[in-house]
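Dear colleague,

Please find below the structure that I am handing over to you. I would be grateful if you could read the notes that follow with the model open.

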Amino acid sequence: MPISAELERWRESGDFFPTGDGRLFYRLDGAGEPLLLLHGFPTSSFDWHRIWEDLSGRFRVLAPDFLGYGFSDKPADHPYRVADHTDQVEALMAELGIGKAAVLAHDYGDTVAQELLARRLEGAGGFEISSVCFLNGGLLPGVHRPTFILKLLNSPLGFAASALMTRGIFRRRFSEIFAPDSRPSEQDITDYWALVNYNGGRRIYHKLVRYMRERWQHRDRWVGALERTPVPLALIDGAADPISGEHLVEPFRQVCPRAKVVCLEGVGHYPQLEAPRRVVEGFLESMVARHSRP
């Protein structure tokens, strides 16, 4: 099955930004307040395609593929650290002349957003953050429940798991984190599998999950950023997600008592794909709520 015309259009509508480590693919569209979209593992900026039109009709939306993901370069010898990805995002923002933005993040993108918040607390960072809205992700390491394949990729056998990964295995493991009524279609699987393999991506697949170790190594820094930041925060959580679903909501509220929280019943790990309209509504509500924070 060939990739979809929609994915082809996504690539054709994007551009590339050169970094010292490789080129980043990104999409930039719309006008108004800048909005930075940060995707998760193992996918790409294409995760946002079902809400792109709604968001770009209201904001100037920027969505990069992290190095190692999607249509970006995937150097075999890169360490793929959170700090590196954060540096690259900041460099892209500077190149585009964006000095302030709201952030909407998912999964691994949540961790990059936490590092951005930590840098702002230190008086560093390349741009001002007006608000952050998180989707499902490992915001709190002790609450995160990685799947078997994530644990395997993060183990000493990760390189073998990468080499032996097939479309069938990817299909099963990717689909299991969606809610039963909103699992990806065969066309979705074809598109996402193509993105994983683009630029030889499967050979570095296991390297991309090193962020799981970093989340524990930098737990105090990144959870502390949630606790101490003055930036308005929100969480839109797919409750049926086995990784970071309903069990994340109450611990997040305890860490971020002023944050707006929207819990989406019957939605799994990819709310922006499974319930795009509800995500847009929740996100716009969070943008309104940030102006009424005490």
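The notes below describe the sheet, the core, the aromatic pairs and some backbone features.

This is a predicted model, in which local features need pLDDT of at least 70 and side-chain atom pairs count only at pLDDT 80 or more, while totals for chains, interfaces and linings use all residues. Residues are numbered from 1 along each chain as its sequence is written, and side-chain values use heavy atoms, with hydrogens and water left out.

The sheet

Eight strands make up an open sheet with mixed pairing, in the order 1-2-4-3-5-6-7-8. Helices and strands here are DSSP runs numbered from the N terminus (H or I, at least four residues, for helices; E, at least two, for strands), and two strands pair if DSSP finds at least two bridges between them. Strand 1 (15-18) and strand 8 (260-264) are at the edges with a single partner strand each, so one side of each has no neighbour in the sheet. From one strand to the next, the twist averages 25°. For such angles, axes are lines fitted to C-alpha atoms, for helices over the stretch in contact, and angles run from 0 to 180 degrees between N-to-C directions.

Strand 3 (residues 34-38) pairs with strand 4 (residues 60-64) in the parallel sense over three bridges. Strand 3 also pairs with strand 5 in the parallel sense, over four bridges. Leucine 36 stands opposite leucine 62 in strand 4 and opposite valine 103 in strand 5.

In a regular strand, side chains alternate between the two faces of the sheet. Both faces of strand 3 are covered: Pro34, Leu36 and Leu38 on one side, and Leu35 and Leu37 on the other, are all buried. Buried means under 20% relative accessible area, exposed over 50%, and partly exposed in between (1.4 Å probe, protein chains only).

Helix 3 (residues 82-95) lies across strand 1, strand 2 (23-30), strand 3, strand 4 and strand 5 (100-105), and runs at about 110° to strand 1. Helix 11 (residues 246-255) packs on the sheet and touches strand 6 (128-134), strand 7 (233-238) and strand 8, its direction making about 160° with that of strand 7. Contact means heavy atoms within 4.5 Å.

The core

The largest nonpolar core has 98 residues, of which Leu38, Phe41, Leu104 and Phe134 touch the most other members. Helix 4 (residues 108-121) gives the most to this core, with six residues. Such a core is a set of buried Ala, Val, Leu, Ile, Met, Phe, Trp, Tyr and Cys residues joined through side-chain atoms within 4.5 Å.

Valine 279 lies in helix 13 (residues 276-289) and counts as buried, at 1% relative accessibility. Leaving aside neighbours within four places in sequence, valine 279 is in contact with residues including Ile51, Leu135 and Ile236.

Aromatic rings

The structure holds 21 aromatic pairs. Rings of Phe, Tyr and Trp (its six-membered ring) pair if their centres lie within 6.5 Å; planes under 30 degrees apart count as stacked, over 60 as edge-to-face and the rest as tilted.

Phenylalanine 16 and phenylalanine 25 form an edge-to-face pair, at 5.5 Å centre to centre and 70° between the planes. Phenylalanine 16 is partly exposed, with a relative accessible area of 27%, whereas phenylalanine 25 is buried, at 0%. Phenylalanine 174 and tyrosine 192 form a tilted pair, at 5.5 Å centre to centre and 45° between the planes. Phenylalanine 174 lies in helix 7 (residues 167-175) and tyrosine 192 in helix 8 (residues 186-197), so this pair ties together parts 18 residues apart in sequence.

Arginine 23 lies over the face of phenylalanine 16, at 4.0 Å from the ring centre. A charge sits over a ring if NZ of Lys or CZ of Arg is within 6 Å of the ring centre and within 35 degrees of the ring normal.

Backbone features

Most residues other than glycine have a negative phi, and most peptide bonds are trans. A cis peptide bond joins phenylalanine 41 and proline 42, with omega about 5°. Proline 42 is in the loop between strand 3 and helix 2 (52-56). Tyrosine 80, in the loop between strand 4 and helix 3, has a positive phi near 55°.
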